[in-house]
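Dear colleague,

Please find the structure below, together with its sequence. My notes on it follow.

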Amino acid sequence: MRKKQKQEDEQEQQPLGSLPEGPLVDILSRVPYRSLCRFKCVSKPWLALCSDPQVRKRCPQTLSGFFQRYSCGKDDVQFSNLSGRGPPMVDPSLPFLRKNYEVVKLEHCCGGLVLCRCGKSGHTGNNGYIFVVCNPATGKWTQLPPCPTEFDLRFLFDLFTETEQYLGFDPAVPSRFVVFLNLWNKVAIYSSDTGRWTVVQSGWIYGPRTMGYLECVFLNGTMHLLTSQPSILTVDTKGEVWGEIDIPGNVPQSCVDHSIGQSQGCLYAWYVDNPNTCQLSVWALQEYGSANWTLKHTVNILELFGRHCRKADESYKMFAIHPDRNLIFLTDGKKKTISYDMDNQEVHVIGICKKLWGVQPYIPCFAEWPSVGH
């Protein structure tokens, strides 16, 4: 037994075999984050190596999974891996925040950052909530200064006034993020560059109702908000440039589940033309400044799920698009979730789940946090 223990100790001391650590670090820096997580199970030295911030920071990051709520209006947030298997790569309870706050409510996820409403009190009331932006991959977070008076969460919730919160983050500039608060004819914008809020008058000519934080895209330094008309409202990070983009195609009156996303640097929009026929159309704005949409793909969702007709308790929809591939994600609203490759038309079942609501894609980010963070 002593001899066996000595051999194991020697193996742990030399986990890399004959391969020098430098080349191995370079190799590990090229594998996806989910593979890096699996490598941690090899041994304690591998765990330390794969947890090294310098290795993680250099890893190519892509879609790893989804934050989601199981029912509208509830705070039981879950995280599902992209594969639909294994323990969640991210703890959706965000335990590093709960060391400082009794109440943590996930509001919006953008790329690798998450916007939360946090409070020191566990009371059922909404008084005392503040905004916190955190990075689940690194456990770093920063508390935002109090909102401007007219956007103060204590007054808004007391008056039952509806406000919408949006987080904007570009992994290409990891030290910078913005938070938008949309309230009636005003918008408050927080910039991590200045560390303060700015309140501006809304530049949209009229106020079409937006669809909430689940239907927004931050791209090219601009926040895009889907409306119920449907159209897409836009505003830059300074609240100086306002616009509106029409949804592509002749959207029928029977259109359901229209949504937007981003992939490979382009803005995408999609909709199901009819809840019974379930014909999905996916469009891409490949030339952003031109507002000329290109029809990328059409497919019958029922066929993808192997069905001939829609049952009364089923609600088919596309809820996300992969940021780096022509891969889309769909659900029947009941128990089955699939991915569909628009290039080779392959379908894969990625998980059996409860009825989903509030699905938000997550891409881990290991870049350095600004000095103001925790």
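This is a predicted model: local features need pLDDT of at least 70, side-chain atom pairs count only at pLDDT 80 or more; totals for chains, interfaces and linings use all residues.

Which residues touch the most other members of the largest nonpolar core? They are Phe-177, Val-179 and Trp-197, in a core of 30 residues. A nonpolar core here is a set of buried Ala, Val, Leu, Ile, Met, Phe, Trp, Tyr and Cys residues joined through side-chain atoms within 4.5 Å. Buried means under 20% relative accessible area, exposed over 50%, and partly exposed in between, with a 1.4 Å probe and protein chains only.

Residues are numbered from 1 along each chain as its sequence is written, and side-chain values use heavy atoms, with hydrogens and water left out.

Strands (E, at least two residues) are DSSP runs numbered from the N terminus. Leaving aside residues up to four places away in sequence, Val-179 touches Leu-115, Val-133, Leu-144, Tyr-166, Leu-167, Ala-188, Ile-189, Tyr-190 and Trp-197; contact means heavy atoms within 4.5 Å. Another core lies apart from this one and has 21 residues, including Cys-278, Leu-302, Tyr-316 and Ile-321. In soluble globular proteins, nonpolar side chains tend to be buried together.

**Strands and sheets**

An open sheet is formed by four strands in the order β3-β4-β5-β6, with antiparallel pairing. Two strands pair if DSSP finds at least two bridges between them. β3 (103-110) and β6 (140-143) stand at the edges with a single partner strand each, so one side of each has no neighbour in the sheet. From one strand to the next, the twist averages 25 degrees, taken between N-to-C directions on a scale from 0 to 180 degrees, with axes as lines fitted to C-alpha atoms. Within this sheet, β4 (residues 113-119) and β5 (residues 130-135) are joined antiparallel by five bridges, and Cys-118 has Ile-130 in β5 as its bridge partner.

A hairpin is formed by β19 and β20, with five residues between them. Four bridges join β19 to β20 (residues 327-331), and the two run antiparallel; the partner of Lys-317 in β20 is Thr-331. Four of the five residues of β19 (residues 317-321) are buried.

**Aromatic rings**

The structure holds twelve aromatic pairs. Rings of Phe, Tyr and Trp (its six-membered ring) pair if their centres lie within 6.5 Å; planes under 30 degrees apart count as stacked, over 60 as edge-to-face and the rest as tilted. Phe-79 and Tyr-362 form an edge-to-face pair, because their ring centres are 5.7 Å apart and their planes stand at 85 degrees. This pair links distant parts of the chain, with Phe-79 in β2 (residues 77-81) and Tyr-362 in β23 (residues 357-362), 283 residues apart. Phe-79 is buried at 7% relative accessible area, and Tyr-362 is buried at 1%.

Phe-319 and Phe-329 have ring centres 6.3 Å apart and planes at 35 degrees, so this pair is tilted. Phe-319 lies in β19 and Phe-329 in β20. Phe-319 is buried with a relative accessible area of 13%, and Phe-329 with 1%. Ring pairs also link Phe-131, Phe-177, Tyr-190 and Trp-197 into a cluster.

Yours sincerely
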